[in-house]
Amino acid sequence: MSEKKLTSYPKEKINILLLENISETAAKIFHDGGYANVVRLSGALGEEELIKQIKDVHLLGIRSKTKVTKAVLEAATKLQAIGCFCIGVNQVDLKSATHHGVTVFNAPYSNTRSVAELVIASSIFLIRRISDKNKAAHEGIWLKESKGSYELRGKTMGIIGYGNIGSQVSVLAEALGMKVLFYDVITKLPLGNAHRAHSLQELMQRSDIVTLHVPETKQTKELINESMLAHAKKGSILINYARGEVVDLPALRKSMEAGIVTGAALDVYPWEPEKNGDRFETPLQGMPNVILTPHIGGSTEEAQASIGEDVSDKLFHFLENGVTIGSHTVPELNLPPQEGTHRILHIHNNVPGVLSAINSTLSSHHVNILAQYLKTNEDIGYVVLDVDQELSAKAAELLREVKETIKVRMLY
Ligand SMILES: NC(=O)c1ccc[n+]([C@@H]2O[C@H](COP(=O)([O-])OP(=O)(O)OC[C@H]3O[C@@H](n4cnc5c(N)ncnc54)[C@H](O)[C@@H]3O)[C@@H](O)[C@H]2O)c1
């Protein structure tokens, strides 16, 4: 959208609050876009303090430590959007944000490649038994031997969950000369020469390395348990960089003690310490050929930079054009900008008749709608309207009167 079209939108009245040391690059995107009121704080805010500060905030940026509760959202009368500069959105009461018409964005795929690379690195280290040799060398023991060390080339990578990360692992594994077998509950297009396994059991039986990339759900809880491990190929390796609850760890230890699974890499655990330095325990500690990492699969500088860019872009396009693609609360919409119009956003409770009420009230006041888009979810509806410039202020006023309205915002 060219600057000349941004006529009626007072950017200087928009207050942006960025918490938890969100990168300067993010703040710069808003500054460069003409939003002067950007406050950046280094820490998280507790509920009470956030309630005090949120009153005049239109856009809030957080990471994972700030909890945006129902009480915070009730106090946030001007809040339009929350940008979670991280992978998850559990720290926000999404139900309440939906009811208040607050759009919530995050960056779910910014660390996909970081995880996929580490899966490949761990696969090589485990199939060569590097962690044991490394430990011995640190202890002053020379352990030069080729017995029990293998190449990845020609082996089968079994991928459970062929989503964003699983499919990236597939591409990297094939590039190293591996065969790829995957299992997913949804029919997925196999990349390259990858093959779909018909069952989890088949994948376990045929794979030299089994790597998990499923979400945490009721169905995936202890997906890899004693009975599933009974299907594992002798000498295979298990990698879990997905979620801790997916693997029954005592069962995995048992399988390793029986010499079935002979290597494992774990990055996630059913219970994880809250902060660095806290005590951490898992049944796999002390086992040979086991790599344990502290949930750092996606933790790279590149992933952090990409999170900053991704979330800032989403917030910026939301502020500028009302685009909600990637939102967890307000329905996802993207109406291309129209020349010579003013844009109004309308969020309402999703009950029948709201769109017709909008249209009849505007037409009865001779407001010409030049473009309109509606999308609903279970709870709310989101309408983007482009109207005649001369009558846009009147139109916004009329829309505020429509029954079931949650929020109206004149964009430009
Ligand atoms: N270790 C880390 O730091 C780290 C970083 C990023 C993501 N993760 C985790 O990695 C996992 C995968 O992330 P993603 O971005 O690839 O997710 P995604 O949603 O893109 O893919 C998940 C895939 O799993 C499939 N699936 C769901 N239930 C299944 C089941 N019961 N059996 C087989 N397949 C099933 C889905 O259909 C989907 O294709 C998630 O659990 C995520 O939380 C961990």
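Student: In which kind of crossing does H5 pass H7, left-handed or right-handed?
Tutor: The model is a predicted one. Helix H5 (residues 112-127) packs against helix H7 (residues 164-175), with their axes 9 Å apart. The crossing of H5 past H7 is right-handed.

Student: Which term describes H5 relative to H7, parallel, perpendicular or oblique?
Tutor: Two packed helices are described by the angle between their axes and the distance between the axes. For helices H5 and H7 the angle is about 50 degrees. Angles under 35 degrees count as roughly parallel and 65 to 115 as roughly perpendicular. The angle therefore makes H5, relative to H7, oblique.

Student: How many nonpolar residues does the contact of H5 with H7 have?
Tutor: On the H5 side the contact includes Val-115, Ala-116, Val-119 and Ile-120, and on the H7 side Ile-165, Val-169, Leu-172 and Ala-173. Among the others, Arg-113 and Glu-117 are in H5, while Asn-164 and Gln-168 are in H7. By class, the contact has two charged residues, three polar ones and, as nonpolar, eight.

Student: Is Asp-208, the partner of Lys-233 in a salt bridge, buried or exposed?
Tutor: The N to O distance between Lys-233 and Asp-208 is 2.9 Å. Lys-233 lies in the loop between helix H9 (226-229) and strand S10 (236-240), and Asp-208 in the loop between helix H8 (200-206) and strand S9 (209-212), so the pair ties together parts 25 residues apart in sequence. Lys-233 has a relative accessible area of 31% and is partly exposed. Because the relative accessibility of Asp-208 is 17%, and the cut-off is under 20%, Asp-208 counts as buried.

Student: In which helix do Lys-314 and Asp-310 both lie?
Tutor: Lys-314 forms a salt bridge with Asp-310, and the closest N and O atoms are 3.3 Å apart. Lys-314 is buried at 18% relative accessible area, whereas Asp-310 is partly exposed at 24%. The two residues are four apart, about one turn of the helix, and that helix is H11.

Technical notes
Residues are numbered from 1 along each chain as its sequence is written. This is a predicted model: local features need pLDDT of at least 70, side-chain atom pairs count only at pLDDT 80 or more; totals for chains, interfaces and linings use all residues. Side-chain values use heavy atoms; hydrogens and water are left out. A salt bridge is a side-chain nitrogen of Lys or Arg within 4 Å of a carboxyl oxygen of Asp or Glu. Buried means under 20% relative accessible area, exposed over 50%, partly exposed in between (1.4 Å probe, protein chains only). Axes are lines fitted to C-alpha atoms, for helices over the stretch in contact, and angles run from 0 to 180 degrees between N-to-C directions. Angles under 35 degrees count as roughly parallel, over 145 as roughly antiparallel, 65 to 115 as roughly perpendicular and the rest as oblique. A crossing is left-handed if the near helix is turned anticlockwise from the far one by less than a right angle, and right-handed if clockwise. Contact means heavy atoms within 4.5 Å. Ala, Val, Leu, Ile, Met, Phe, Trp, Tyr, Cys and Pro count as nonpolar, Asp, Glu, Lys and Arg as charged, and the others, Gly among them, as polar.
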